[in-house]
Amino acid sequence: MPVRTRHWPLAAIVSLVVVMPAQHLTADVETAGPDLAAMRALSSKLQLLGRLVHGEDLVRRVTASDDEEARRALARAQELWQLADASFATGDNEAAGNYAGEGLAAVTAVSRMVVDTRRRNSEDKARYETMRKRVLSFTEAFQRVALEKQDRAVAGLLNQPEVTRLLGEAEQYAARDDYAHAIEHVTHASDLVETALAKARDRDTLLHELKFDTPEDEYSYEEQRNMSYRMLVEILEREKADNPEGLASIRKAVEENTRIREEAEGLMKRGDVRAAIGRLEEGTETLARVLRMSGLVF
Amino acid sequence: MTRTGLALLAGGLFLSATALVWSPGVAVAQDPNAFNRLMKPPAKRNPPPTADGIHDPAGIGAKTLQPPRESFSSLPAGNSGNYIDWVKALGDGKITPRYDRVNPDVDPIVMDLNIVREVKGSMPDVVYPHKQHTEWLDCSNCHPAIFIPQKGANNISMASILLGEKCGVCHGKVAFPVAECRRCHSRAKDKPAAAADTAR
């Protein structure tokens, strides 16, 4: 079985990459024209490059290493930053942009050459601990499923002794700060548990019934439901900001709901929980109506 | 919350073109999309990386990336976000995303478990299909940090989702917005729970 690395799956992260400096998105830049926007973006890029090539941590790591190539690459990245900065100062933005691009590529390469072992170790430790907690949590979930199903075949889906062994060995590696091996073991354990859980639950449908232990619980649920609808209506209110007729209908519904909610709170204080629940349901329905009128399909 | 909230509405709150609008017949006649100004017209959807407001237009990478409209052209349409129904695209075999960042041979552990949550009021009950989620995501993306893998241990409400918690960690940000009510509220109250009831 291939070893799973347990990062966010590639498919889930590709859309999250943002590469543009934050200043580039500011409203004043958007309104000031493309030239100024481009200049500010370039300025941000130069500042970023400057911080990277002179960053204490990177310089320390490179200096402490005996990697001559990394030292040369860092010196080149610093030189590129100077060239970019000088070009920018003289108004040659195209050259500045090219030097900055090269510089960023160079400093990234340096960072890869001289790995920050302290940081990597700390990240690996956190990752190991998270994974271990997850395995334990899923193991408990599997045991609950096995108990619920009362089926030996289901219970046999998980090789529990193997999971225990892998977790034990992982702990020994972790105790020696060997997180690479610890993660490898805990990943294997995680695969065993998740596969067993997936098989045990295959094609199941779990029903979470809406049952309340007490009327007070139901009132609390209704309060939350009413708040949810209020939040949806608030969004609608912003959407209709320039439509007086639409806005008036929304505000009327909101006011009606506020009045009903206050009545419900009063009923609750007087101990008439059932009536309070009923009033809150009416308030929520008032908000639901205004959402439906706006075109929300439900 | 403002931008996200408006985006949610823009993404699908006004799905029904024939629905009652505040000024019937006026704006609709001029522009079928006018009642929802924030929903981008098709020509303005999925701009190229150099014009999307996300990537640095001066960056080399932005120019070398394939424009979304080109790469999305053969994929099934969706109602919001980048207007692609990614779950359907995967189900139809239109895309075969690599599951693991490092190892190309890793297959997802797909769990075919539906969770049905009954809700009060006129809304249909919620069906949460693990299958469609685990085809994309690792169990660890949600468990145990966002959802405790135990029945009854998670207090989920639309309010919490709108505040970016629980389902709202992804939905409304990188997955379809909560305004597409029926994709989750998909089980009519008088029907029995069945795997076929799952969201698309």
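This is a predicted model: local features need pLDDT of at least 70, side-chain atom pairs count only at pLDDT 80 or more; totals for chains, interfaces and linings use all residues.
Biologist: Let us take chain A. How many helices and strands does chain A have?

Modeller: The secondary structure of chain A consists of 13 helices and one strand. Along the sequence, the elements of chain A run α-α-α-α-α-α-α-α-α-α-β-α-α-α.

Biologist: And what share of chain A is buried?

Modeller: Chain A has 298 residues, and 40% of them count as buried. Its accessible surface is about 16,600 Å². Carbon and sulfur atoms account for 52% of that surface of chain A.

Biologist: Among the contacts in chain A with a separation of 6 or more, what percentage joins residues 24 or more positions apart?

Modeller: In chain A, that percentage is 68%.

Biologist: How does one describe two packed helices?

Modeller: One gives the angle between their axes and the distance between the axes.

Biologist: What are those values for H4 and H5 of chain A?

Modeller: Helix H4 of chain A covers residues 56–64, and helix H5 of chain A covers residues 68–89. Their axes come within 9 Å and cross at roughly 145°.

Biologist: Is that crossing of H4(A) and H5(A) left-handed or right-handed?

Modeller: The crossing of H4(A) and H5(A) is left-handed.

Biologist: Which residues meet there, in H4(A) and H5(A)?

Modeller: From H4(A) come Leu58(A), Val59(A), Val62(A) and Thr63(A). They meet Ala70(A), Arg71(A), Leu74(A) and Gln78(A) of H5(A). Sorted by class, this contact between H4(A) and H5(A) has five nonpolar residues, two polar ones and one charged one.

Biologist: Another residue, please. Where is Glu123(A)?

Modeller: Glu123(A) lies in helix H7 of chain A, which covers residues 117–149. Glu123(A) is partly exposed, and its relative accessible area is 44%.

Biologist: How many Å separate the C-alpha atoms of Glu123(A) and Phe142(A)?

Modeller: The C-alpha atoms of Glu123(A) and Phe142(A) are 28 Å apart, and the two residues are 19 residues apart along the chain.

Biologist: Now chain B. What is the pattern of chain B along the sequence?

Modeller: Chain B reads α-α-α-α-α-β-β-α-α-α-α. In total, chain B has nine helices and two strands.

Biologist: And what about burial and surface in chain B?

Modeller: Chain B has 200 residues, of which 44% count as buried. It exposes about 10,400 Å², with carbon and sulfur atoms supplying 58% of that area. Of the contacts in chain B with a separation of 6 or more, 46% involve residues 24 or more positions apart.

Biologist: How many disulfides are there over all chains?

Modeller: A search of the whole structure finds zero disulfides. Cys167(B), for instance, is in no disulfide, and the nearest cysteine sulfur, that of Cys184(B), is 6.6 Å away. Cys167(B) is partly exposed, with a relative accessible area of 26%.

Biologist: Last one. Is Lys44(B) buried or exposed?

Modeller: Lys44(B) is exposed, with a relative accessible area of 58%. Lys44(B) sits in the loop between helix H2 (27–30) and helix H3 (60–64) of chain B. From Lys44(B) to Ile115(B), the C-alpha distance is 37 Å, and the two are 71 residues apart in sequence.

Notes:
Residues are numbered from 1 along each chain as its sequence is written. Chains are lettered from A and ligands numbered from 1 in the order in which they are written. Side-chain values use heavy atoms; hydrogens and water are left out. Helices (H or I, at least four residues) and strands (E, at least two) are DSSP runs, numbered from the N terminus. Buried means under 20% relative accessible area, exposed over 50%, partly exposed in between (1.4 Å probe, protein chains only). Contact means heavy atoms within 4.5 Å. Accessible areas come from the Shrake-Rupley method with a 1.4 Å probe; for residues, only the protein chains shown count as cover. A disulfide is a pair of cysteine sulfur atoms within 2.5 Å. Axes are lines fitted to C-alpha atoms, for helices over the stretch in contact, and angles run from 0 to 180 degrees between N-to-C directions. A crossing is left-handed if the near helix is turned anticlockwise from the far one by less than a right angle, and right-handed if clockwise. Ala, Val, Leu, Ile, Met, Phe, Trp, Tyr, Cys and Pro count as nonpolar, Asp, Glu, Lys and Arg as charged, and the others, Gly among them, as polar.
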